[in-house]
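Colleague: I would like to learn how to read a few features of a protein model. Please go through them one at a time.

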Amino acid sequence: MELPLYMVDAFTDQPFSGNQAAICWIGNRTLSEKRMQDIASEINLAETAFIWSKSNDYVNEKSFGLRWFTPTNEVALCGHATLAAAATLFYIAENKNDSVAFSTLSGDLFATKQNDKILLDFPLNKPEPFNHPDLSSTIDVTLPTENVTRIKDILLSKTAKKLLIRMKDDFSLTDLQAIRPNFELMMKSHDGSMFKGIIVTTKGVGEYDFFSRYFAPWNGIPEDHVTGSAHTVLAPYWRDVTGKDVMLGRQCSKRGGDVQVKVRADGRVDIGGKSKIILKGHLCLPEEE
């Protein structure tokens with residue numbers, strides 16, 4: 001069994017930056033959940049996405065199935081791997097449609113070509129103020145001790161299972177980039193039942209409305225480079241702060257990437273970004289019994 005396999009750097013137009021995703025086309029085959037998880041573990045990127053088509057037609061079809069796996073588990077929503085999946089359809093398959101739909105665990109998601117970007121139509125995951133007696137132990141091993149007093153807001157998106165920590169405005173980009181969480185102690189401090197990842201964010205400067213980093217050791221990803229799903233939480237939060245519906249965020253991991261967001265009146269968000277396809281090949285495996 002040979003399956004087309006691609007590696008894409010998402011939310012960037014430069015190789016070796018943005019966030020990596022592996023995209024596997026499985027056509028009209030049925031792969032077991034175990035087989036998909038084994039493939040994702042073998043590839044060992046933050047996300048491996050599987051696209052299937054009932055008609056096995058990647059050129060003309062408008063609707064596809066999509067699932068996302070980290071090296072350790074399946075996730076309900078992944079932005080950068082959705083962007084990467086759409087890039088393979090538009091730029092490799094040369095899909096004839098301007099917009100395609102993905103059936104996912106988070107419902108129907110849509111990707112649309114717009115000039116040199118791809119826009120993703122995602123649900124908003126608005127966070128709400130949050131406090132819990134066990135939270136302080138997790139924060140203490142995520143942020144340097146001297147920075148705990150510089151926290152402005154703590155919120156939780158229950159739908160996305162993401163904790164958002166907003167720092168005060170004097171918390172600079174340099175401060176954000178200097179954070180070095182203890183991922184082992186993060187895992188020990190919380191079992192992942194309330195949240196699976198932590199967003200740390202601060203006010204942007206220049207062309208950027210906000211900066212962020214995202215840590216998700218509970219999903220097997222110590223730090224995610226650029227996270228579309230985190231921006232479904234960041235977008236409604238910063239919209240309420242800035243009063244702006246259209247914003248540009250910078251996720252400040254080592255690889256880094258820019259994410260354009262537009263909060264819509266219908267309770268959804270457009271997430272826009274570029275992508276760079278850097279590898280084309282095939283996955284060679286025996287058929288499942």
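Modeller: Start with the salt bridge: a side-chain nitrogen of Lys or Arg within 4 Å of a carboxyl oxygen of Asp or Glu. This is a predicted model, so local features need pLDDT of at least 70 and side-chain atom pairs count only at pLDDT 80 or more, while totals for chains, interfaces and linings use all residues. Residues are numbered from 1 along each chain as its sequence is written, and side-chain values use heavy atoms, with hydrogens and water left out.

Colleague: How many salt bridges does a search of the whole structure find?

Modeller: The search finds 21. In one of them, Glu 74 pairs with Arg 67, and the closest N and O atoms are 2.8 Å apart. Another joins the side chains of Arg 150 and Asp 170, at 3.9 Å from N to O. Arg 150 is in the loop between α3 (135-142) and β10 (151-157), and Asp 170 is in the loop between β11 (162-167) and α4 (173-177), so this pair ties together parts 20 residues apart in sequence. Helices (H or I, at least four residues) and strands (E, at least two) are DSSP runs, numbered from the N terminus.

Colleague: Is Asp 170 buried or exposed?

Modeller: Buried means under 20% relative accessible area, exposed over 50%, and partly exposed in between (1.4 Å probe, protein chains only). Asp 170 has 54%, so it is exposed. Arg 67, at 21%, counts as partly exposed.

Colleague: What does the salt bridge of Asp 266 look like?

Modeller: Asp 266 pairs with Arg 264, with 2.7 Å between the closest N and O atoms. Salt bridges that share partners join Asp 121, Arg 264, Asp 266, Arg 268 and Asp 270 into one network.

Colleague: Which side chain does Asp 209 meet in a polar contact?

Modeller: A polar contact is a pair of N or O atoms within 3.5 Å; within protein, one must be able to donate a hydrogen and the other to accept it, and residues adjacent in sequence count only if both atoms are side-chain atoms. The side chain of Asp 209 meets that of Lys 244 at 2.5 Å. Asp 209 is buried, with a relative accessible area of 14%.
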